[in-house]
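Reader: Could you walk me through this one? I would like to begin with the strands and then move to the annotated site.

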Amino acid sequence: MPTIAFIGLGHMGGPMAHNLVTAGYPVQGYDVVPAALALAAENGITTVGSLDKAVADATVVITMLPSGAHVHQVYDTVLATATPNTLFLDCSTIDVDDARTAHDKAVKAGHRFVDAPVSGGVAGATAGTLTMMVGGSADDVNQVRPLLDIMGRNIVHCGAAGAGQAAKICNNMILGISMIAVSEAFVLGEKLGLTHDTVFKVASQASGQCWALTSYCPVPGPVPTSPANNDYQPGFAVELMDKDLGLAANALAKSGVTGELGQHASQIYHRVAKEGGHGLDFSAIINDIRRRSEQ
Ligand code: NAD
């Protein structure tokens, strides 16, 4: 049974590490924030006071960190001292190029690397039902498969290292754009005298149907579990959508893809994250559209 170092015990990493402990794996957890460490310890994770201590004796190092810069900072600290042939599993959402560089660094230092960004939010992390988009060699992916099966429910091997991140940003670009489309439709419906229920009843059973409408509806009422019913508390914070669409916009530009909607959506979430949407769910984009429509 592998000994696991789990680096980054925040909203997602904390419950993911907890599920590994519950399944019987030895986990050494580390986070720079003392409160995250304390909460992890309460949840049965063996916590340590430094990165070096976390990776000592580990054969799998899982990272769940805010950005590619954080992942590289951690790798630059531990790659040289980790046990040879350690498998580095990065579950953070980061740039495709950052993931590929992390792979190259890990391999150069005598280790292995798999990227496995996730979808499903804190609820999915807690329930162990995340969708995990996986990039890496078949051998490496097979080796971490038992761990992925504990943390997630839908495990999709997307290709070589970096392919998991590529799939994640494609998915989130669809989600970000479709949430804006659904929100614009509700605000237009308001102006044209339609109730929210009418717009929902029609679009959810017609060709406007999509996840942003039927599972995550941006107006209160039609989908009682959506953040709109809870003053737009996240959920999936607008800052995270801003980050993910920033990664998508960057990838569009680098790949030479004419992604006008992806680029524009990225600019819209960026503005909303900076102006008034901070800390709210990304579906609060509808309030920005409504406010600007009154100007
Ligand atoms: P978070 O900020 O709650 O957790 C990140 C943790 O990393 C924090 O506790 C932070 O202290 C820690 N950290 C930062 N630098 C560190 C370092 N050098 N060493 C050790 N710990 C360090 O973020 P989160 O919501 O858990 O998200 C983590 C990743 O998962 C992000 O890449 C995010 O985009 C992705 N993600 C989040 C969600 C979500 O709903 N929250 C959903 C899907 C994917």
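**Strand pairing and the annotated lysine**

Author: In this predicted model, strand β7 (residues 118-119) pairs with β8 in the antiparallel sense, over two bridges.

Reader: Which residue in β8 is the bridge partner of Ser119?

Author: The bridge partner of Ser119 in β8 is Thr131.

Reader: And in what sense do β8 and strand β9 pair, and over how many bridges?

Author: β8 and β9, the latter spanning residues 152-159, pair in the parallel sense over six bridges, and within that pairing Met133 has Val156 of β9 as its bridge partner. Between β8 and β9 the chain passes through helix α7 (residues 138-151), and this β-α-β crossover is right-handed.

Reader: Is β8 mostly covered or mostly open?

Author: Strand β8, residues 130-135, is mostly covered, since five of its six residues are buried.

Reader: Switching topic, where does UniProt place the "active site" feature?

Author: The UniProt record, an unreviewed entry, places that feature at Lys168, and Lys168 lies in helix α8, which covers residues 163-191.

Reader: Is Lys168 buried or exposed, and why?

Author: Lys168 is buried, because 27 other C-beta atoms lie within 10 Å, and the cut-off for calling a residue buried is 20 or more.

Reader: What is Lys168 in contact with, leaving aside its neighbours within four places in sequence?

Author: With those neighbours set aside, Lys168 is in contact with Thr93, Pro117, Ser119 and Met133.

Technical notes
Residues numbered from 1 in each chain as written. Predicted model: local features only at pLDDT ≥ 70, side-chain atom pairs only at ≥ 80, totals over all residues. UniProt positions renumbered as here; feature names shortened; annotations may be inferred. Helix = DSSP H or I, 4+ residues; strand = E, 2+ residues; numbered from the N terminus. Buried ≥ 20, exposed ≤ 12 C-beta atoms within 10 Å, placed from the backbone. Contact = placed C-beta atoms within 7 Å. Pairing = 2+ DSSP bridges. Right-handed = clockwise from strand over helix to strand, strands pointing away.
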